[in-house]
Amino acid sequence: TIYQGIIFENFNIGSFLDKQIISHLFNHEGEKRSIKYFILNDDDTEIQLNDDLLIKYYEREKSKYKVPKKTSIDYIEISLDQFVDLDTIDENKIIEYYNDNINLYIKEEKRDIEFARFRNKESANQFYNVWSQNDPALIFPFMESNEIELTKLQNFTLSQNSFNDEIANSVFSLNMDEVSTPIEYQDIGFYVFKLLNIEEKKTQPISEVEKDIKTYLAEETAYVEFDDTVNLADEMLLNDYDLNEIMDSLSKAKITKSSSSDILVNKINNEEIQLRFDQPIGFLSEIIFNDNAAFIYSISDKKESFIPEFSMVKEEVERDYTENERKSRISSMADKILIDLQFKGIDKFEEYAKLNSIEIKELNDLKRNDENISKESLSSIFNISIEDNVKIIMNNDDIGIGALIKITKPDSYISDTYYSEVENNIIQNFNSSLESIIGQKIIDNTDYEVYSQNIDKLFM
């Protein structure tokens with residue numbers, strides 16, 4: 001928008017971004033680590049159970065067993081899907097739409113390529129001179145001796161690729177099996193490309209898209225009826241009709257009785273939509289719009305939250321207490337083992353596992369956002385040295401000991417576009433934050449009523 005243009009013309013971080021910041025984040029986020037680890041268990045130890053212990057645990061963890069407040073509602077759902085009738089769309093309409101919109105069904109040319117990246121032009125030229133001869137007897141020994149790896153990209157198109165226009169155009173100027181001369185890309189290095197395959201531009205036949213067109217046309221027709229139904233419901237709300245009276249007038253809408261309010265929250269699944277379940281019994285909402293659906297609800301019943309007596313949840317308390325004790329014992333065991341093994345190297349780690357008949361596993365190329373290990377343990381793994389030991393808590397609550405066996409720096413493996421992705425993320429996050437801050441300032445300091453979703457319109 002004009003608003004964004006005025007602001008970012010002067011404040012866009014891309015104009016003064018220090019490359020050292022990008023390099024720092026590139027190296028930080030791109031680093032990978034590999035570990036050996038074993039998981040501890042305490043299955044053989046019997047956990048003592050009696051009512052005194054369980055009651056003490058229950059009293060300490062009472063809030064865990066709190067039954068939440070429950071609000072029951074009746075609600076009407078008006079959905080576009082309720083009005084879609086595929087049978088109303090005949091073949092002539094499909095053919096007419098296809099012919100009128102043929103440009104939508106032209107698939108652009110796709111190319112499969114492979115490439116190598118080099119830090120300097122001299123190395124790139126050397127590889128180009130070998131690769132362009134298309135002689136495997138020369139190419140593979142040269143790649144092996146110079147530790148060159150090729151990356152393959154399939155379905156590369158002019159409109160959808162992660163390179164700039166210069167590189168994309170160069171790729172599309174190549175003939176089959178032709179190798180490009182080295183091309184420099186945004187301070188990352190020099191690229192050499194080879195064209196492997198061409199899928200020519202083609203028009204999809206109507207048989208491939210007929211179903212999609214039919215659905216689209218049916219939805220277009222349905223939207224008119226959907227819109228009329230929503231307007232009728234809105235008019236009845238304005239005239240103080242109750243939920244049942246509104247429902248009786250809406251032939252295709254769906255009503256749900258005595259439902260938990262959580263079901264409607266999950267169905268709408270939009271944090272920006274605020275549902276007013278704090279209102280008294282009998283409250284009737286306005287129409288709530290979400291994508292191609294509209295909802296009206298009425299509060300039919302309410303039950304306050306409460307904490308059940310111990311006798312009502314004894315079995316659950318027993319399970320929780322047993323699991324808590326097990327985790328506590330294993331955690332203490334891991335702490336003691338870590339003290340014994342710390343700074344003694346990988347050999348002592350493996351020796352301990354062997355003596356105690358514990359299976360050693362490996363996790364290779366861990367990233368900082370790995371989903372198998374807890375955040376706390378990942379932080380520890382990325383702050384120790386080679387062969388150091390670390391306590392590991394998995395996201396499934398397993399506990400064990402790990403040893404760092406390898407650190408992989410991003411330069412040795414990372415995709416060639418990752419550096420530019422990091423740079424773009426920094427710029428986009430900065431600009432997005434800037435837009436939010438200035439937009440909020442405008443809202444806070446204007447005498448007019450302005451909503452954040454409409455802030456752009458002030459500058460159009």
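**Notes on the predicted model**

1. Of the 460 residues in the chain, 37% are buried (buried means under 20% relative accessible area, exposed over 50%, and partly exposed in between, with a 1.4 Å probe and protein chains only). This is a predicted model, in which local features need pLDDT of at least 70 and side-chain atom pairs count only at pLDDT 80 or more, while totals for chains, interfaces and linings use all residues. Residues are numbered from 1 along each chain as its sequence is written, and side-chain values use heavy atoms, leaving out hydrogens and water.

2. The secondary structure amounts to 14 helices and 14 strands; helices (H or I, at least four residues) and strands (E, at least two) are DSSP runs, numbered from the N terminus. Among contacts between residues at least 6 apart in sequence, 71% join residues at least 24 apart, where contact means heavy atoms within 4.5 Å.

3. Let me start with the open sheet of four strands, which has the order 12-1-14-13 and antiparallel pairing; two strands pair if DSSP finds at least two bridges between them. Strand 12 (361-366) and strand 13 (389-393) are the edge strands, each pairing on one side only. From one strand to the next, the twist averages 35°. Angles run from 0 to 180 degrees between N-to-C directions, with axes as lines fitted to C-alpha atoms, for helices over the stretch in contact.

4. Five bridges hold the antiparallel pairing of strand 13 with strand 14 (residues 399-408), and I392 has G400 in strand 14 as its bridge partner. Helix 11 (residues 314-341) packs on this sheet, touching strand 1 (32-39), strand 13 and strand 14, and its direction makes about 45° with that of strand 14. Helix 12 (residues 345-355) also lies across strand 1, strand 13 and strand 14, running at about 30° to strand 1.

5. Which residues of helix 3 (residues 51-60) are buried? They are L54, Y57 and Y58, and they lie on the same side of helix 3 because they cover an arc of only 100° around the axis (the arc is that of the directions from the helix axis to the C-beta atoms). An α-helix has 3.6 residues a turn, so residues three or four places apart point the same way. The buried residues of helix 3 pack against helix 11, while the face turned away from the buried side carries the exposed residues D52, K56 and R60. At the start of helix 3, a side-chain oxygen of N50 comes to within 3.1 Å of the backbone nitrogen of D52.

6. The largest nonpolar core has 18 residues, of which I76, I78, A233, I246, L250, I287 and I296 touch the most other members. A nonpolar core is a set of buried Ala, Val, Leu, Ile, Met, Phe, Trp, Tyr and Cys residues joined through side-chain atoms within 4.5 Å. Strand 2, helix 8 (206-238), helix 9 (243-248) and strand 11 (293-303) are the elements that give two or more residues to this core, and helix 8 gives the most, with six. A second, separate core of 15 residues includes I167, A168, L174 and L195.

7. I76, in strand 2 (residues 70-79), is worth a look: its relative accessible area is 0%. Leaving aside neighbours within four places in sequence, the contacts of I76 include L243, I246, L250 and I296. I76 and Y297 are 221 residues apart in sequence, yet 6.3 Å apart in space, C-alpha to C-alpha.

8. Strand 4 (residues 110-118) is largely enclosed by the rest of the structure, because seven of its nine residues are buried. Nine bridges join strand 4 to strand 7 (residues 189-199), running antiparallel, and F115 has F193 in strand 7 as its bridge partner. Strand 4 is also joined to strand 5 (residues 151-156) by four bridges, again antiparallel, with E114 opposite K152 in strand 5.

9. Finally, do look at Q204, in the loop between strand 8 (202-203) and helix 8. Q204 is buried, with a relative accessible area of 15%. Leaving aside neighbours within four places in sequence, Q204 is in contact with Y98, Y105, K107 and V209.

Terms used: Polar contact = N/O pair within 3.5 Å; in protein donor to acceptor, adjacent residues only side chain to side chain.
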